[in-house]
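Good morning, everyone. Please take a look at the model on the screen before I start.

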Amino acid sequence: MLRPLEPVGRSSRIVLGIAFFVLFVALWAFATFGGYVSRTFLADPLTMVSDGWNLLTVQGFSQDILVTVGRVLGGFALAAVIAVPLGILMGAYKPVEAFLEPFVSFARYLPASAFIPLLILWAGIGEMQKILVIFIGSVFNIILMVAVAVGHTRRDLMEAAYTLGSSDTGVVRRVMMPANAPEIAEILRLVLGWAWTYVIVAELIGSSSGIGYMIINSQALLATGQIIFGIIVIGIIGLISDFLFKAINRRLFRWRFA
Amino acid sequence: MTVTATVPKLQLSGLNKSFGRGDKRIQVLRDIDLSLADNEFVSLVGTSGCGKSTLLSIVAGLEDFDSGTLSVDGAPVTGPGLDRGVVFQSYTLLPWLTAQGNVEFALKAAGYGAGERRDIAREHIELVKLTKFANAYPSELSGGMKQRVAIARALSYRPKMLLMDEPFGALDALTRHQMQELLTRIWEEHRLTVLFVTHDVEEAVYLSDRIVVMGIGPGCIKQTFDVDLSRPREPDSASSAEFIDLQREVLRSIREESLKVELA
C-alpha cells in the first residue's frame, strides 16, 4: 500500500523514473506508427532519431548547439556578475533596497521576449541582441532573489559576529555572503534554466544560427523530427548543466551537506 | 593594578530601557544598578519576562538603552567589542566554518597572523576538550559540543569578561551538568569576570559567587545573594545543606515575582 512520505528504495526509484520515459515513448510510437496522427504533423520516434543523426553528421548541428550554449552562458554570466553584487547590497542595506526594490520588482515582470523587437532595432540580429535578451530576462530576477536571501540572514549569527569584533562591512563580507552562498548558487542554477527559454525565443525570432534557428527552419520544411530532436537536445543540455551545478555546489558547500 | 581594583570591571548605574514608541512604549528595565568586581562570577536570575536577557544584550552592546551609564573598566560601552566575549543560548557557530575556523574567526578580527590564530584556536579547543573535533563542521557536532566551541571562541581573544545568555538552556539535563562542571573548572583555573543569565537556580548557585534576582514590571534588581560555598565546587556540592537552603531562598525570591504577574 502507498503510505504518505514512506521512502522508496533506490532501485525502484530508478526503475520508476525510467518507466515513465518508456511509457511516454511507447504512447508516442503507438500514435505515430499506428497512423492515429498524420506524419506531416508529428514524426515517429525512429524518424526523429534518424533526423537527429542527419542533423549532427551532415548539417553541422553541433555547431548550432555550441552557438546557443555560448549565448546562454554569455548572457547569464553578464547578468550574474551585475546582479549578485547588487542583490547582496540590496539585501544587506535597507536604503539601497528602498532605492532599487520598487524598480526591480517592476522590471522583473517585463517579459524578456517582448524586448526582442526593440533589441533587434537597437542591436541588430547579432550576438549582442541574444545576450541582451538573456540578460534582461535574468538580471532582475537574480537581484531580487539574492536580496531576499541575504535579507533573511540569521540575525543571531550576525550578532555573534559583531560580538566577535566584526565591523559592519565585516558582517556583510564574513557572515551575510558566506551564509547565503549556497542559496545564491541555487538561485543561479534556477535562473540558468529560465535563460534557456529566453535564448530559444530570441533565436526563433531573428537569427541565422543556433538551436532555435534550426527549429524555426525545420518548421518551414515540415521536418517535425528535427524539431523534436532540437527540443530534446535542449532538455538534455538543461539536465547536464543542472547536474554539473549541483555537483559543484555539493563540493563547494560541503558544510551544508556534512 | 591598584587602579583597576578600585574601578569595578563592569558597572551599570541608573540604567533604563524601553521598547516601542508612543502609547505602545513599555519600560522593560528600570534603574538598574549593578557592578561586577574583577574575576567575579555573577548570575542573573528571574522569572521570564523580567528583562534579564535584554540586560545582557545591552551589556554586550547589541542593544542600546535610554538612560543611565554602562562601563567596562571605567570606559563607557558604545557597542559590541572584543573586550566582552558572548555566548548565546541559540547555537551561533558559523555553519560554514569548522570548529577551528569558528574560533579563529574572532582572532582574525583581532588582528592575529595565520600561525598565531591556528595555535591559539587549537589551545582553546583543547581547553574545552574537543581536539578530536577541531575540523568538524557545526552540523556534525552535538548541542553540547557546539556550546563548548562557542565558549572556546568567546575565550580565545582574551576578553575582559564573559557574558553568557542561558548558554546551557537548550541542552538536555545530563549534558547541562557536564557543561556546568566544565565551565566551573575553566573558571576556577583561569579566573574571569562572568555575567551569567539563567532561569535554572541550581545552576546559578553551583556556578556563582553572587546571584542577582531580578524583579518584574518593569525589570529591576530585586535582591542579591552571596554564595559562600567553598571552591572548588564539585558535583556533590549540590547536595549539601547550605546549597539547598540557598537554592530555596533564591527560588522563593523569584516566586514572589512570578506571583505578582499571575495576580496582576
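First, the ground rules. This is a predicted model, where local features need pLDDT of at least 70, side-chain atom pairs count only at pLDDT 80 or more, and totals for chains, interfaces and linings use all residues. Residues are numbered from 1 along each chain as its sequence is written, while chains are lettered from A and ligands numbered from 1 in the order in which they are written.

Chain A, then. It has 11 helices and zero strands. Helices here are DSSP runs of H or I with at least four residues, strands are E runs of at least two, and both are numbered from the N terminus. What is the radius of gyration of chain A? It is 23 Å, well over the 18 Å that the globule rule gives for 258 residues, so chain A is more spread out than a compact globule. That radius is taken over C-alpha atoms, and the rule is 2.2 Å times the number of residues to the power 0.38. The C-alpha atoms fill a box of roughly 75 × 60 × 30 Å along the principal axes.

How much of chain A is buried? The share is 35% of its 258 residues. Buried means 20 or more other C-beta atoms within 10 Å of a residue's own; exposed means 12 or fewer; partly exposed is in between; and C-beta atoms are placed from the backbone.

Now the core. The largest nonpolar core has 134 residues. Those with the most contacts inside it are A:Ile134, A:Ile142, A:Ile143, A:Val146 and B:Leu195. A nonpolar core is a set of buried Ala, Val, Leu, Ile, Met, Phe, Trp, Tyr and Cys residues joined through C-beta atoms within 7 Å. Take B:Leu195. Leaving aside neighbours within four places in sequence, its contacts include B:Leu10, B:Val42 and B:Met161. Contact means C-beta atoms, placed from the backbone, within 7 Å.

On to the domains of chain B. Domain 1 is 2–83 + 162–263, and domain 2 is 92–158. Those bounds come from an automatic or database domain assignment. The domain centres, taken over C-alpha atoms, are 25 Å apart. Across the boundary, 11 residues of domain 1 are in contact with 10 residues of domain 2. H6(B) gives the most to the domain 1 side, with five residues.

Next, helix H5 of chain B, residues 143–156. At 1.5 Å a residue, its 14 residues should span 20 Å, and its end C-alpha atoms are 20 Å apart, which agrees. The expected span is 1.5 Å times one less than the number of residues. H5(B) is mostly covered, with 12 of its 14 residues buried. The buried ones pack against several elements of chain B, among them helix H3 (99–109) and strand E7 (161–165). Just after H5(B), B:Arg158 takes a positive phi of about 55 degrees.

Is B:Gly74 buried or exposed? B:Gly74 is exposed, with 12 other C-beta atoms within 10 Å. It lies in the loop between strand E4 (67–72) and strand E5 (75–76) of chain B.

Last, the two chains together. 15 residues of chain A are in contact with 19 residues of chain B. H7(A) gives the most to the chain A side, with six residues. That's my tour.

Technical notes: Two residues are in contact if their C-beta atoms, placed from the backbone, lie within 7 Å.
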